[in-house]
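These are my notebook entries on one protein chain.

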Amino acid sequence: VDGVDLTIRRGEIVALLGPNGAGKTTTLDMLLGLTVPSAGTVEVLGTTPERATVGGSIGAVLQTGGLLSDLTVLETVQLIASLHGAAAIGRVPEVMERADLGHLARRRVAKCSGGEQQRVKFALAMVSDPDILVLDEPTAGMDVTARRHFWDVMRADADAGRTILFATHYLEEAEQFARRTIVMHRGVVVADSPTARLRASLGE
């Protein structure tokens with residue numbers, strides 16, 4: 001990325017929109033502390049990305065990163081919840097329901113489809129009850145019904161005040177969900193405005 005300068009405020013719903021290779025994933029990786037910028041700084045909730053991630057105040061659904069294939073879906077969610085303490089363990093039933101995983105609880109992760117594994121990752125991101133949710137192409141592999149359910153849950157979270165930042169190359173997803181859209185191309189931010197205004201400027 002090149003000279004990306006962004007501020008995301010609490011409670012915003014923001015889409016990072018752009019084609020593959022635009023720099024969306026790199027930007028999110030820096031926000032999560034997975035990549036260290038060669039210049040400049042990144043701050044999350046007044047601290048470093050690493051501390052925010054370890055503390056559970058930021059959760060993520062990423063394209064990369066595997067799941068333990070021999071565990072069941074429920075065991076996977078319980079394992080990650082145990083790393084965040086008793087409150088997170090108590091949230092497991094609710095998170096399983098919100099991710100629509102109840103009927104898959106006993107299925108081994110290896111037997112889950114790509115879209116089902118995305119829903120498992122979503123449950124893992126939510127189990128710490130993060131203030132910020134970062135989503136990198138979150139609906140990849142999901143069928144239409146699962147995608148609709150996912151965005152319904154996200155809308156409810158946003159209405160409750162959670163900050164949501166998601167990367168997508170689907171203009172439709174940005175239009176339907178994000179209140180603000182940041183367009184990236186070849187590592188550079190080329191537009192940053194309220195989604196409705198951006199859409200109007202594009203015309204037909």
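**Entry 1: burial and T76.** I call a residue buried under 20% relative accessible area, exposed over 50% and partly exposed in between, with a 1.4 Å probe and protein chains only. By that criterion T76 is buried, as its relative accessible area is 6%. I located T76 in helix α3. I then listed its contacts (heavy atoms within 4.5 Å). Apart from neighbours within four places in sequence, T76 touches L68, L71, V109, V120 and L124.

**Entry 2: provenance.** I note that this is a predicted model, in which local features need pLDDT of at least 70 and side-chain atom pairs count only at pLDDT 80 or more, while totals for chains, interfaces and linings use all residues. Residues are numbered from 1 along each chain as its sequence is written, and side-chain values use heavy atoms, with hydrogens and water left out.

**Entry 3: the fold.** I took helices (H or I, at least four residues) and strands (E, at least two) as DSSP runs, numbered from the N terminus. The protein chain has 8 helices and 6 strands. Read from the N terminus, their order is β-α-α-β-α-α-α-β-α-β-α-β-β-α. The radius of gyration is 17 Å, close to the 17 Å of the globule rule for 204 residues, so the chain is as compact as a globular protein of that length. For this I used C-alpha atoms and the rule of 2.2 Å times the number of residues to the power 0.38. The C-alpha trace spans about 50 × 40 × 30 Å along its principal axes.

**Entry 4: whole-chain totals.** I found that 45% of the 204 residues count as buried. Of the contacts with a separation of 6 or more, 68% are between residues 24 or more positions apart. The chain exposes about 10800 Å², of which carbon and sulfur atoms supply 50%; I used Shrake-Rupley areas with a 1.4 Å probe. I counted Lys and Arg as positive and Asp and Glu as negative, without His and the chain ends. There are 21 positive and 25 negative side chains, and the centres of the two sets lie 2 Å apart. Each charge was placed at NZ of Lys, CZ of Arg, CG of Asp or CD of Glu.

**Entry 5: aromatic pairs.** I paired rings of Phe, Tyr and Trp (its six-membered ring) with centres within 6.5 Å; planes under 30 degrees apart are stacked, over 60 edge-to-face and the rest tilted. The search of the whole structure returned 5 aromatic pairs. F122 and F150 form an edge-to-face pair, because their ring centres are 5.1 Å apart and their planes stand at 70°. This pair links distant parts of the chain, with F122 in helix α5 (residues 114-126) and F150 in helix α6 (residues 144-159), 28 residues apart. F122 is buried at 3% relative accessible area, and F150 is buried at 3%. W151 and F177 make a tilted pair, 4.5 Å centre to centre with 45° between the planes. W151 lies in helix α6 and F177 in helix α7 (residues 171-177), 26 residues apart. W151 is buried at 7% relative accessibility, and F177 is buried at 6%. Ring pairs join F122, F150, W151, F166 and F177 in a cluster.

**Entry 6: G66.** Is G66 buried or exposed? G66 is exposed, with a relative accessible area of 75%. I found G66 in the loop between β2 (58-61) and α3 (73-82). Its C-alpha atom is separated by 9.3 Å from that of K121, 55 residues apart along the chain.
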